[in-house]
Structures are given as structure tokens and as C-alpha cells.
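I opened this notebook to record what I looked up in the structure.

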Amino acid sequence: MTTTECPLVSSDIVIQLNQVLSNLASADNDLRSGAEQQLNELWIAQQPDLLLLSLAQLGRSHQDTHGREFSFILLRRIAFKQSPNQVKKGEDSSIWDLLQEQSRQTIKNELLMSLSVEQDNTVRHKVCDAVSEVAKNSYLKGQKWGELLPALFEASKSPSAEHREAALRIFSAVPNIITDQPINIVKQVFSANLQDVNNPAIRTASLKAAVAFMLETDQQSRTSFSELMPQMLSVLSPLVAQRDEDGLVDGIMVFIELGENIPRLFKPVLPSVMSFAINIMKDETFADGTRQTALELLLTLSEASPSMMRKTQDFCAQIIPISLKMMTELDNSEEWYTTDDLDDDDNDENYVIGEHAMDRLARNLGGKAVLPISFQYIPAMLSSAKWEERHAALMAISAIGEGCVKIMEAELGKIIELVLPYLRDPHPRVRYAACNAIGQMSTDFQDSLQKKYHHIVLTNLIPVMDAPEPRVQAHAAAALVNFCEAADKSILEPYLDTIFERLLVLLNSDRTYVQEQAITSIATVADSSEDRFVKYYNAIMPLLINVLRIAHQKEYRLLRGKAMECASLIALAVGKEIFGPNAEEFIQLLIQTQHSVTESDDPQISYLIASWARVCKVLGADFVPYLPIVMPPLLQSAQLKPDFAILDPDDDIESKYSAEDGWEFVGVEGQQIGIKTTVLEEKCTAVEMLICYARELGPAFQPFVENVLEIVLPLLKFYFHDGVRNAAASTIPHLLNSIKKSPNVNPEHLRNMWHSIAKRIIDVILGEADPNYLWQLYVTFHESLEIVGDNSLEISHLEAFTKATEAQLQEFYSRLKQREQARHNGEIDAEDEDIINEEEETEESVLGELSKALHVILKTHRTSYLPSFDKLLPIVTTFLADANPAARQWALCVLDDVVEFTGPASWNYHSHFLEKMLASLMDIASDVRQAAAYGVGVCAQFGGENYADAVAAALTPLFQVISSEGSRKEENVYATENAISAITKILKFNSSKFDVNSVLPAWFSSLPILYDEEEASLTYTYLLDLLESQHPAILGNNNENIPRIITIFTEVLAAEILSEYVTSRMVNALKAILGNIPDEIKAALWNSIDPDKRKILQEKNYF
């Protein structure tokens, strides 16, 4: 690395700036504040070129190492701050961007010179940071720095270890500057430095740079670079031998990042990686953090590539026993029994990390891989004399349940019997763990556990609330919450007396956390037991109101919050009539509490928000007078903004951005962007409650709609919290409905409001990648459009919607093909197939809502949508032609809507779908047959004369669908009934190409329709019309079909699927028929009816 030296600015300027820098570091606040003001107002604002040139010179020439270090830190920070002198409004330019080109080039040269001559390690690292920042900015802005790469490549081969380390640090920070270089040259640089046996720092720096390059480069280069994986791994072994645990953890973390993003690179070296990590995990002479980091590497690989790790020999057999062993590494400290802060458990303790490992392994690898090996150890641990092992075994059962649910469910009874005795274990920590296991299983196996094992579980769990240890009492009550959340009120009813007896005792505990848990448990039981709770209302509601009256000290804020939650849930459970006498006092206590909240982190806030909404739900319209009190703080919470930070390399992350304070970081274009998430849950709850008010109060909420819209529309792009943006989207239809139902609604105002909303929704749909949120966006769109009504979108909206939807469909289809290719290549094993099936179910549900959106657009805009639909047609026909049945069914549903809502105009598209629709009547997939049959029906009903030949030709395959073997089985019945309905529509609306009388007998024989409510009414209306006209095909010779008509009518009436009008017609027809037949025949017919159906007919007075 060669450079030449020359002064950049005059010495008097440097002296002036140096004085400012000295004052910035002063302990004197006034001196420091003055220096900051001088730096901002005189240097940054007025002479940025001179400032940065001077800092570059000071960084190289300052006699004091701290002075040089501080100069480079300031240069980097100031250069890439947003400029106070923006040329254009809204422009996002840094101070560096607005420097003169000559100044930028001079600073770059000076940085390279400093990199070459600097002797102090710390200062050189700051030079590297500054070079990296300039290089990153130059790369992003397309600015050239031609001297950089030659200098770095020269330095990377230098005899000087310091120069090589500097080059590698910069490659690590800005890998994209070398991604377009010849791969062999890059490999040589890294390979040589990875093998530098004399310099551990060089090997580690080369490892970090190599991983950064692999993460940034393309697949081809990545594949070539993977040859270096053995050399990269070899960097870690000397660190183990030297017991350099800081360096070892640092190195393993680099591999964790690589494994998280490109796990397949590990495949050739997995045996070495496993052996290395397992040996560290087993070696208890290493610090806990080191062992945990080695475990994290293997867990990361199991998350990033489950199939690879499942196929790795003995992976589970080695990692599971070590994880279980770590779970036993806990002590019986007195603090566990005496603490009042239950959140004070150390999450970095080995027993917690081991428990999390078991949970992650089960969820990633599945029950077949994890359960058998886990239960090689768990029974023996449960039988151990050591309480730590019994505790670990029970916590392991808790941990693996979610991931092993399918396999464990078959043995659930045995597992429950295995756990329950430990609710009576002599050691309180074991009883605590048993409660934890029961609670977790109540969630993981909900419904099944509650229905089958409620007696044995509750009769063993409830007495544990009498335990002498408060923590065990509270955890037993917490497990009860899990059980009750998924229990039907009929299951809970026999146990309610004894449950509330125990909970009322806990409510009087001298431990606040026990009282809090008792209140939470009461709330959950009340919510689940619904009206069965009425008998306990008078005993419990006064206690809760009393808590709100008297518990005003700060330490009782959470208790008060839980009391609000419990009281409002009880109000929901018992209803307005029972709650009424206490409503006014409870509301006044909520108002007092709301006025008393002065701190933003007061836990009462989120409880208040939700409690108000529940009271609204109970009182309905009677709640409207309280809206002016409730809405201002609610809107304030909905507008909360989280703190953001861009991580500086010099920041003390632990003290400044602690995870305990709610900070989370993500990498964006080489920067670590932080967000403080503590306010997000309150924000989410607030937006969710807006849904409640708009839904429950309807037009009464109209005065608040515009303010709420101003808040929620920007939140459609609030990517920091899924719950917030989902709730924001869910709010919109209810807001539009409030406006529409308002007595003074202005239709033009509503339409303009909808236009603005639709544009925002469509814009988000266009770029959205999360299928769950996309599902919500389409629901919001079609529900809103349905509310606003016909022709409520302009052509620009229709075109934008079509463009966004076409892009999403292309993405869906691409993923469909990728999954098919992966299956074809054998890349997906049985456990992966479950995950893939879940993904497919999610995507199919999104397609369903997308289809509904198209349905509502066609329904409300009819032929005016067709010019936009033309652009969607190619992807629809692609889906129609695909081998995947879900794709074909989706396409047919869309085309069915086109025919139904555009009528004869749909004939313009017949060449794209009609032949395929008719062929699909015989499709192997019942959903496809159903969609095709419905399509033929709408072609007959709405398509007009052009479709006459096609629908006549469809009669034969439609009858084949009806008469095929198994056509009335559950999986086929809807396809069959849609075929019957299609024939009805052909006979009624489009019969010009055949003799109706020749088809009617076969159609009559195909009845009844008993399940499809949508198709039943039209079909039976047609039947009743024919019967009233005494059509011979229906009555038969000498009325021989009368018994069959009676059978059809009784079955249909018992099925209760008809509209009120058609039901009335059918009952009258049935009574008329029965009035004309002998009593003995009538009695025989009655006795031939299924007893359950007879009961329905009797209750309804139909027969």
C-alpha cells in the first residue's frame, strides 16, 4: 500500500478545529455544549468541506492516539449525517454527498494513506470503519473510488499482518466491492489468510470477510467458494486449544450467521461441524456462554435446513442428551422461593437454554426425529432421586409438545398419567414443572386433552393451588388458565365450585403475584364458562371492584390492570342484565384510573384500552356517551411511534440498546437498524379496539371515522409489527360501514373516501410478500367494496387492482412450480412435507380471498371490469391448464364469476375456457368437478343463447357425475349437488337444443340436494313450479312418484337448508299432498322417516 503525503488544510484551521474537538471531550457541560453548537453551526452548516478535510488530516497527523481515533470517528459520523443544507425539499442527501468532488477524492486518498501508516491498532480500526463507510456510500450512490480495490488487494498480500487485517476488515464490512472480481483471485486472498498459522487475528478477520462475501455474492461464486469451508472451520480449532473463549465465540457466531442464511454450504463438512460443536457442549470447563453458542450453531442449522439435519447421522442422538443434561444445571436457590419478581429468571442460564433447544429441535425436526430419542431418557430422569432431573424431564415434555404434537397425541393418555404423579412430588420445583407440563399440554393438545382427560387432569391439578409455596400455587392457577382457554363450558361446569373456592383463597394471598394470577385465572374461567358464571358473580365482582377502589399504590398497578380485565371479561360472560347494577361504578373507576395514568410505561394502559372495549360490547348503544372520554387516549395509543436507532460500531450496545429495554435489530444494506418494541403491543391493542368500537357501535361511531382513518391508513405499511398492520386493515370495512349506516350519509363523500382507501390497499397488495397479511388485505378490499356497493371504483382503481393481483398470481404460480420441482428432485422429506402442506394451505386461503375480491368486483362492476380482466386472463388460463387441482379449481371459480356477472358478454372468452370447463366435469378432484358444474350452471342461467350447444352437451357428463360410485360421500357430495343444480339451470333457462321432457325424469331421479344451501333454493323452486303445474314427468303415471316426492320433501325440510319463502311453499305442497292420501299410507310414510328427522318435522309442524 503506497501513498504520498501532503497537507490538506492550513495549520491554523487545524488548530481551531482541534480546540473544538478538545472541548467536545471536556467534562465541563457548558464547554462541551458550546463546542457542539460551534461544530454544528460554524463547521457542519457553513464549511463542511473544510471540516472533513481537517478531520482527515488530524486523523493522520495528531500526536495523541485518542485525538487521531476521535477524528476518524467524527469524520465517519458527520460525513454520513443528513445534510442541513438540502438542495431540494425532500431530498435525502448526506453531508458527504454535497461535498465538492475534489474534497471527496482528497479525503479518500488521505484515508488510504492513514491506513498505510497508522501504527496503533485501535486507531487503524477506526480508519477501517471510515474507509468502509465511504466505500459503502460510494457503492450505493454509484460514485467511483478506483484506488480502493488495488490498495486493498495489495494490503491483503502484504508482509505486514496489520495491513492484511485492515484489508480483511474492510472486505468484511463492504463485501459487495469485491463480488464482481474474478472468483479465483478472491479465493486466493482468503485462502492465504485463512492459513496464516502465526496470526489468529488474521485468520479470524479472513473468516469474517469470507462469510460476508459468501452472503453477498451470487450462487455460482458461492458454490465455488464453498471449497474453502474446511479451511474456514480450521480457524476455530486453535482457539479451542488456546482456550481463547472470546475469540471462539466470535468465530462460531460468524458460522451461525452463515448457517442461518446458506445452510447447504455446511453439508460437506457437517460431520466436522457436529463433532466440533458437540465436544464444546460436553466440556463443562468451558464457560456457559461458549457451550451455548456451540449449541446455537447446531440449532440454527436445524432451523435453516431441517431436512439436512434430519438426514445427518446421529444428530438428534447426540444433541438431545446434551440439551437434557443442560436442563438439569440449575440450583435450588432461596431467591426462587422468596422473589416477588417472577420475570427475574435468568434467560441465559443453561437450564433455560436447554429447554429452548428441546422446543426448537421438536418444532424444526418434528416428532419422528425428536420424540423417540427424548423418551429414551425422560422416563429414567423422572425416576431419578435428583430433583433436578425430574424437573428437567417434565420441562422437556412441556418443551417438545408443540413440535411432536401429531405423534404425542396418540399417546397422550399415557403421557398425562406419567406427568400427574409429579403434581404431588415432595420437591416444590418439580411440582412447579409438573404444572408447567400440564399447562403446556393443555395448549398443545387443546380440545383433545380437555374432552378426553378433563376429570383426571382437573382433579389432580386443582388441589395444587393449596400448595404451601406461593410460586407453585400461582403456577397451578396459570396451568388452569391454559386448560380453561380451550374448554367448553359444559366440561368446566362440574368443577366450577371447587375452582372458584381455591381461586378466592388465592385472591387473599399476601403475595401480589399470586393475587394477580388468581384474577387472571378467574377471568379465563369466567370467559370460558359464559352464562354458567352467573351464580358466582355476586361473590367475585365486588372483590374486583374493591381492588380498583383501594389498591392505588404504584406496586399494585398490574394488579389493578388484571382486575379491570377480569371484571370486564366477567361482564361479557354474564351479559348486560347481570352486569348492569355494577356498570356505572365500574365505568367511573375506569375513568378515575384513566385520569390517574401519568407514565407512558404504566401497565394499566393496555388493560384500560381492552376493558373499555369489552364494556362497549356489553352495553352496546348505551356506551356511546362515554366515547368522548375513551377515544382521545385510545387514539393517542394507536399513534404511538417506536424509537429507532442506527447502530454505530462505537456504541456500547448492551448499555444503550439492551434487549431487556425492548430493542431489536435487523440488518438493512449493511446497517444495523434498531427498533424499540416496548410500545408496539399497546399500539396493537389500541388499533384492535378501534375495530371493536366501529363494529359494535356502527353509525354512532361515525364522528370518529375520519380521525381513525388518518391513523390506520398509514399503518397498512407498518412493517415493524404484524398485529398492528393486520388490525389496521381489519378496521377499514367497519369504518366504511359506520359512514354508510349513518343517517346523514353523503354518498359522494363515502365514494371519495373509498377511492382514497382503495388506492392505499391496492398499493400495499402490489408489493406484499407475507401471505397471511395478503389474505387480510384481500378480505379488507372485498368487504369494503361490498359495503360501498355498485360501480364504486374508477377505471384507474380497477386497472391498478388487476396489475397488483396479476403480479401476486405470478408469484403464487412461481412458488407452486418451485415446490413441484423440489418434490420431483427429492429435496423434500416427510417432515418437510407437513411444512410445505401448511404453506400450500395458507396460499390456497389467500387465493380464496383473492377470488372473492374478483367476485365482488365483477358483481359490482359487471362488464365495465372486462377491459381490466383482459390483462388477468393469461395467468387465469395458465392456472386452468395446470396439473395442480387447486390451481384449476381457482381458475374455474374466477371464470364462473365472469360468466355469472357479465352474462352474454362472457362469450368473448369462451375459447379460453369452455372446452376445459366441460372436460373438468369428469376431473378426478371433486373441488374441480364442483367448480366446473357450477360454471356450466351459470353458463346456462346467465350466458344466453350462445352457450346453448355447450350446456346441452354437458348434460351427459353431469348425469355421470351424479350417478358415479361414491357420489354422495362427504368428499363428493358438493360436486354432485352442483351437478344437479346445473341440470336444473339448463332445464329452466337454456333448453333450446334438447327436449326438456326427455331429461326431466332423470333429473327428478337425481334429487335430493341436502347440503348445498345456495343451490337448493333454485332447484326446489323449479321442482315446486313443475309440481304445481302437475307436470307428468314429476307426478309419474297415476301419480306413482308421490311417495318419492314426499320423501324428498321430508328429507329437505329436515335438513333445514331452504330460504323461508321456499320452505313455506314446500310445506304447503307437502300438506296438500298428504291431505289427499289415505291415513294408513301416510302412517307408513311417517314410520319410514329417520327418527331424528321425524323429530325436526314434528317440532316445525311440517308433517
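**Negative surface patch**

I looked for charge clusters and found that Glu838, Glu839, Glu841, Glu844 and Asp927 gather in a patch of negative charge on the surface. The model is a predicted one, in which local features need pLDDT of at least 70 and side-chain atom pairs count only at pLDDT 80 or more, while totals for chains, interfaces and linings use all residues. Residues are numbered from 1 along each chain as its sequence is written, and side-chain values use heavy atoms, with hydrogens and water left out.

For the patch, I took residues with over 30% relative accessible area and no salt bridge, joining like charges within 9 Å; a salt bridge is a side-chain nitrogen of Lys or Arg within 4 Å of a carboxyl oxygen of Asp or Glu.

Asp927 is found in helix 47 (residues 926-942). I noted Asp927 as partly exposed because its relative accessibility is 44%, the class between buried (under 20%) and exposed (over 50%), with a 1.4 Å probe and protein chains only.

**A buried leucine**

I next located Leu809 in helix 42 (residues 795-824). Leu809 has a relative accessible area of 0% and is therefore buried. I computed 9.3 Å between the C-alpha atoms of Leu809 and Leu850, which are 41 residues apart along the chain.

**Whole protein**

I recorded that 55% of the 1103 residues count as buried. The C-alpha trace spans about 120 × 75 × 65 Å along its principal axes.

Terms used: Patch = residues over 30% accessible without salt bridge, like charges linked within 9 Å, V, L, I, M, F, W, Y side chains within 5 Å. Areas by Shrake-Rupley, 256 points an atom, 1.4 Å probe, with all protein chains shown as cover. Lys, Arg positive; Asp, Glu negative; His and termini not counted. Charge placed at Lys NZ, Arg CZ, Asp CG, Glu CD. Helix = DSSP H or I, 4+ residues; strand = E, 2+ residues; numbered from the N terminus.
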